Amino acid sequence: MIENYIALDLETTGLHPSEDRILEIGAVKVSGDRKEIIDSYQQVIKPRVYKKLHHKIEEITHFTNEELSHGKDFKRTVLDFLDWCGDDYMFCTWG
């Protein structure tokens, strides 16, 4: 049996996967046996390529350019997130 399920949600800079960048990683950890939320993870990511948000993306995500400027580096965030996931998990997401 899988120890934990990770329900993952990403916020991006738009609707074009080949051009967009991730702005935020959000997730909840659900126990594999009890099916209860046992932890959550959220981190805003500082943009490195498109540093200014389009006004429509601001409306959708409710992020400001000021908030994003205080985000963490993407590579560091991914490493922290994978560490938070633990050793035995399955990713779940929705589209």
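In what order do the elements of the protein chain run from the N terminus on? They run β-β-β-α-α-α-β. That makes three helices and four strands, taken as DSSP runs numbered from the N terminus (helices H or I, at least four residues; strands E, at least two). The model is predicted: local features need pLDDT of at least 70, side-chain atom pairs count only at pLDDT 80 or more, and totals for chains, interfaces and linings use all residues. Residues are numbered from 1 along each chain as its sequence is written, and side-chain values use heavy atoms, with hydrogens and water left out.

Start with the sheet. It is open, has mixed pairing, and orders its four strands β3-β2-β1-β4. Strands β3 (37-44) and β4 (89-93) form the edges, each pairing on one side only. Pairing here requires at least two DSSP bridges between two strands. Neighbouring strands are turned by 20 degrees against each other on average, direction ignored. Strand β2 (residues 22-31) pairs with β3 in the antiparallel sense over seven bridges. In one of these pairs, Ile25 has Gln43 of β3 as its bridge partner.

Helix α3 (residues 74-85) packs on this sheet and touches β1 (4-12), β2, β3 and β4. Its direction makes about 5 degrees with that of β2. Axes are lines fitted to C-alpha atoms, for helices over the stretch in contact, and angles run from 0 to 180 degrees between N-to-C directions.

Now the whole chain. Of contacts (heavy atoms within 4.5 Å) between residues at least 6 apart in sequence, 53% join residues at least 24 apart. The C-alpha trace spans about 45 × 25 × 20 Å along its principal axes.
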